[in-house]
Amino acid sequence: LPIYSGFLKVYEDAPQVGDIVFSDEKESVLLIFEKLRDEITARIKLFAPYGGEYSEYCRRSGKTVPNIVLILNNYAAFAEEYDSYIPELSYISREGLKRGIYFVLGTNSVNINSRLRQNFNQNFMLRMNDKTDYSMVLGRTGGIIPAEYQGRGLVRYGNNVYDPNELEKEINLLLQDDDITKQKGIYEYLLSGKTKEKVLSIRAFTDNEKRTLYERQHGICPM
């Protein structure tokens, strides 16, 4: 849904794109909400025997249904023209998440409906002129601000705020650590605030290996 903006149209012919609908196509906009509500209702019934979860349905039934991603660009303009549909957006973003229906919201304003905002666990902000805007959307940032380069920003994942540039540096360092035997756990480890060390499967040494290394180093631990 590119509201007063046509840049998403370049993706129109991509095989995974169902449709691009503009704000002046009111009937089509409303039809999207109607179809998504119907799809959520159908998936609630389909996933009921599996705890109502998309992931559990796929894992336990051996079947799959496609993920659906709704992208709404320019929330401020949408809210002005379709104000009565903000509760519908809130419903879709809340109920769709655990049913394989995901919502991406783009806006140039920090003024977002509070009930709608609480449904988003991951937020990304590009560099803002007013530093106080970061805390309004991301919460406490610990004083972190984006680097002064075009396209830099901050991301909130769960309860933590990250500078993607610094995050990338930490990822590269951990990728070079030979003691980490499960590199795919690096992202989960960092995004957990470095609390889930077990996802890294750090190599452990047996007593014999420790003794061999001790003797090889003549009892000296090199720094």
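Tutor: Salt bridges

Lys-194 and Glu-170 form a salt bridge, with their closest N and O atoms 2.6 Å apart. The pair links distant parts of the chain, 24 residues apart: Lys-194 lies in the loop between helix H8 (186–191) and helix H9 (207–216), Glu-170 in helix H7 (residues 164–175). A salt bridge here is a side-chain nitrogen of Lys or Arg within 4 Å of a carboxyl oxygen of Asp or Glu. Helices are DSSP runs of H or I, at least four residues, numbered from the N terminus.

This is a predicted model: local features need pLDDT of at least 70, side-chain atom pairs count only at pLDDT 80 or more, and totals for chains, interfaces and linings use all residues. Residues are numbered from 1 along each chain as its sequence is written, and side-chain values use heavy atoms, leaving out hydrogens and water.

Lys-194 is partly exposed because its relative accessibility is 44%. Glu-170 is partly exposed too, at 28%. The cut-offs are under 20% relative accessible area for buried, over 50% for exposed, and partly exposed in between (1.4 Å probe, protein chains only).

The structure holds 10 salt bridges. Another joins Arg-99 to Glu-95, with the closest N and O atoms 3.0 Å apart. Arg-99 and Glu-95 are both buried.

In helix H2 (residues 54–61), Glu-56 and Arg-59 are 3 residues apart, so about one helical turn separates them. Their side chains meet in a salt bridge of 2.8 Å, N to O. Glu-56 is partly exposed at 22%, while Arg-59 is exposed at 60%. A network of salt bridges links Glu-56, Arg-59 and Arg-60.

Notes
Helix = DSSP H or I, 4+ residues; strand = E, 2+ residues; numbered from the N terminus.
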